Amino acid sequence: GSRCLLAEFETVARVADIPEGEGRGYTVNGRMIAVFNDKGEFRATDDLCPHMGAPLSGGYILDGAVVCPWHAWRFCINDGGWTDNPELKIDVFELRVQGDEIQVAVPAKDN
């Protein structure tokens, strides 16, 4: 998708809020996003699975991919690609950790 450079970094969580191997869902700029802790590295993606709209933040991390809690579809949390067919992607957002704050930059949804 188009990358908008105007996205501001917003603090969504503290590092301690998200257990290793898990995700948590947040709303930023009107979008549902999921933030995952993969062995201490944090990643942010769309929270909705494109299959049936399941919250990916309810899934768990396996080999650098989130496993959807409903039907076990797996998406790479680095580039958003579906592991079965990388043509299908979920959005991935820029994330940084400042001190113990997890910050993400989420462009407003183009309508």
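**Charged pairs and a buried Asn**

Me: Why is Glu 22 called partly exposed?

Reply: Glu 22 has a relative accessibility of 33%. Buried means under 20% relative accessible area and exposed means over 50%, with partly exposed in between (1.4 Å probe, protein chains only). So 33% puts Glu 22 in the partly exposed class.

Me: Where do these values come from?

Reply: This is a predicted model, where local features need pLDDT of at least 70 and side-chain atom pairs count only at pLDDT 80 or more, while totals for chains, interfaces and linings use all residues. Residues are numbered from 1 along each chain as its sequence is written, and side-chain values use heavy atoms, with hydrogens and water left out.

Me: What makes Arg 24 and Glu 22 a salt bridge?

Reply: You need a side-chain nitrogen of Lys or Arg within 4 Å of a carboxyl oxygen of Asp or Glu. Here the closest N and O atoms are 3.1 Å apart, so the pair passes. Side chains of opposite charge can pair when their charged atoms come close. By that rule, the count comes to seven salt bridges.

Me: How do you know that Glu 101 and Arg 14 tie together parts that are 87 residues apart?

Reply: First, they do form a salt bridge, with the closest N and O atoms 3.2 Å apart. Glu 101 sits in strand E9 (residues 101-105) and Arg 14 in strand E1 (residues 9-14), so the bridge joins parts 87 residues apart in sequence. Strands (E) are DSSP runs of at least two residues, numbered from the N terminus.

Me: What about Arg 31 and Asp 46?

Reply: Their side chains meet in a salt bridge at 3.3 Å, N to O. Arg 31 belongs to strand E3 (residues 31-38) and Asp 46 to strand E4 (residues 41-46), 15 residues apart. Arg 31 and Asp 46 are buried.

Me: Why is Asn 37 called buried?

Reply: Asn 37, found in strand E3, has a relative accessibility of 7%, so it's buried.

Key
Helices (H or I, at least four residues) and strands (E, at least two) are DSSP runs, numbered from the N terminus.
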